[in-house]
Amino acid sequence: MSTTVTKIDRETLWRLIVQAGGMKAYIDGQLRERGFLVTRRDADAMSDREKDQYKKSLKQEAEERRKLKRETWGAYKANHIVHLGEGVFWTDELKEDKWDTPNSEERAAENELPALDKPTQLAEALGVTIPQLKGMAYHRDAATSLHYVRFTIPKRDGTERPIWAPKKRLKAAQRWILHNIVERLPVHGAAQGFLVGRSILSNATVHANAKIILKMDIKEFFPTVTWRRVKGVFRRAGYRDGISTLLALLCTEAPREIVEVEGKTYFVSLGPRCLPQGAPTSPALTNAICLRLDRRLAGLAAKYGWRYTRYADDLTFSLPMEHKGPPKLGAMMGCTKRIVEAEGFEVKTEKTRVHRTGGRQSVTGLVVNGDGNPRTPRKLRRQLRSAIHKLKTNKPLKEGESLARLCGFAAFVYMTNPELGKKMLADLKGFGERPA
């Protein structure tokens with residue numbers, strides 16, 4: 001009698017199937033070994049009694065074969081992906097195709113990327129089973145559950161920004177991908193966000209003492225980076241189609257609307273999977289994806305004597321004070337727009353800003369006028385001093401102000417002015433230690 005195969009046994013079972021030469025060979029071997037395989041004979045030459053016995057034996061063989069097929073198919077699914085959902089091409093065959101990066105293994109080795117040829121290797125690296133890996137990567141246009149938790153945070157313009165935070169298992173997988181693959185991919189020197197040693201301060205420092213500062217934003221930055229573009233990053237890194245597909249699906253999710261139908265909640269896809277705001281892999285992947293964009297914009301800036309940096313979706317150009325000749329501002333704006341569009345993005349025209357020496361010039365929230373170091377706005381420092389004075393004199397803070405918020409502003413000051421920031425943080429810490 002055939003017994004039920006457990007999840008643990010399925011790995012061993014699949015090895016036995018491979019050793020036997022495939023599922024059909026394994027099933028036939030098991031039927032023979034268990035005495036269920038019937039030798040086919042001509043029924044016309046049998047007596048009625050022999051026919052009855054022959055039919056009974058065939059029926060027992062068929063029943064046992066069905067059980068073995070279920071077990072072997074279960075073992076196959078436990079060790080193979082099989083299918084990844086609507087609109088996702090998948091094959092478990094490991095074969096080269098014309099889209100493979102030339103010398104892919106050498107390229108992956110140059111970037112010190114882990115060798116991943118099979119889904120089983122990726123699952124082992126992530127510390128999950130194949131079914132768990134498939135579950136995290138599987139795409140449904142109408143899902144009843146997700147591997148993300150949704151919440152919103154307020155934006156400066158008063159609207160809400162949706163954040164999709166991955167749940168524990170997917171977050172751990174994304175962090176492994178981030179540290180072992182994405183952070184090792186090449187990025188351009190103009191990229192200033194989400195990189196060790198770079199920050200809003202390093203971004204602003206590039207543009208100090210400028211005649212003109214041009215700031216442009218990329219529209220719908222994360223949603224524009226679809227899972228197929230992410231897959232292209234992993235393919236160029238040296239991974240084959242299957243692994244690249246899995247990695248891209250693990251790092252993306254479709255924008256969704258929450259719908260209630262007959263008391264049941266559905267998360268309905270509104271478009272293709274893209275980088276979710278909230279996934280640890282999203283910011284670093286944009287840097288890898290924007291490598292060519294940054295190269296082209298840096299080349300454009302150098303051609304006209306400008307400087308260029310990118311902090312996430314913020315593009316900043318500045319013309320040094322010592323520059324001689326016409327600024328070519330119109331050419332910079334027009335060419336930038338065309339390059340951004342050619343790279344699959346769109347400029348958010350209403351957020352384009354030009355700052356000249358006559359007014360305040362700021363880059364990623366820091367004032368860069370003159371040849372001194374970038375600094376926080378004077379208004380912010382005044383507000384912070386005022387709040388600290390109110391705390392010292394037991395006066396109420398303004399609506400929306402809190403000790404945690406004030407500490408955040410003080411840390412912001414500390415980044416550009418350590419002496420002043422340290423004093424402000426020390427003052428605020430004293431209020432935090434007071435008994436309620």
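The protein exposes about 24,700 Å². Carbon and sulfur atoms supply 51% of that area. I keep in mind that this is a predicted model.

**Entry: overall form**

I counted secondary structure next. The protein has 17 helices and 11 strands. Its radius of gyration is 31 Å, whereas the globule rule gives 22 Å for 436 residues. The protein is therefore more spread out than a compact globule. I then took the spans of the C-alpha trace along the principal axes. They come to about 110 × 60 × 40 Å.

I also checked burial across the chain. Of the 436 residues, 43% count as buried. For contacts, I looked at pairs at least 6 apart in sequence. Among these, 67% join residues at least 24 apart.

**Entry: helix 10**

Is helix 10 largely enclosed or left open by the rest of the structure? I find 8 of its 11 residues buried, so helix 10 is largely enclosed. I listed the buried ones. They are Trp227, Val230, Lys231, Gly232, Val233, Phe234, Arg235 and Ala237.

Just past the end of helix 10 I noted Gly238, which takes a positive phi of about 125°.

**Entry: Val230**

I followed up on Ile289. Val230 and Ile289 are 59 residues apart in sequence, and their C-alpha atoms are 7.4 Å apart in space.

**Entry: Arg32**

Arg32 sits in helix 2 (residues 23-33). Its relative accessible area is 56%. The cut-off for exposed is over 50%, so Arg32 counts as exposed. I took one distance from Arg32, to Asp9. The two are 23 residues apart in sequence and 21 Å apart from C-alpha to C-alpha.

**Entry: helix 16**

Helix 16 covers residues 403-416, 14 residues in total. I compared its span with expectation. From first C-alpha to last it reaches 21 Å, close to the 20 Å expected at 1.5 Å a residue. Then I checked burial. Leu406, Ala410, Val413 and Thr416 are buried in helix 16. Their arc around the axis is only 115°, which puts them on the same side of the helix.

**Entry: the sheet 1-6-5**

I turned to one of the sheets. In what order do its 3 strands lie? The order is 1-6-5, the sheet is open, and the pairing is antiparallel. Strand 1 (142-143) and strand 5 (256-261) stand at the edges. Each has a single partner strand, so one side of each lacks a neighbour in the sheet.

I reminded myself that strands of a sheet pair through backbone hydrogen bonds. Then I looked at how strand 1 is attached. It is joined to strand 6 (residues 264-269) by 2 bridges, and the two run antiparallel. I traced one residue across. Ala143 has Phe267 of strand 6 as its bridge partner.

Notes. Residues are numbered from 1 along each chain as its sequence is written. This is a predicted model: local features need pLDDT of at least 70, side-chain atom pairs count only at pLDDT 80 or more; totals for chains, interfaces and linings use all residues. Side-chain values use heavy atoms; hydrogens and water are left out. Helices (H or I, at least four residues) and strands (E, at least two) are DSSP runs, numbered from the N terminus. Buried means under 20% relative accessible area, exposed over 50%, partly exposed in between (1.4 Å probe, protein chains only). The expected span of a helix is 1.5 Å times one less than its number of residues. The arc is that of the directions from the helix axis to the C-beta atoms. Two strands pair if DSSP finds at least two bridges between them. The radius of gyration is taken over C-alpha atoms; the globule rule is 2.2 Å times the number of residues to the power 0.38. Contact means heavy atoms within 4.5 Å. Accessible areas come from the Shrake-Rupley method with a 1.4 Å probe; for residues, only the protein chains shown count as cover.
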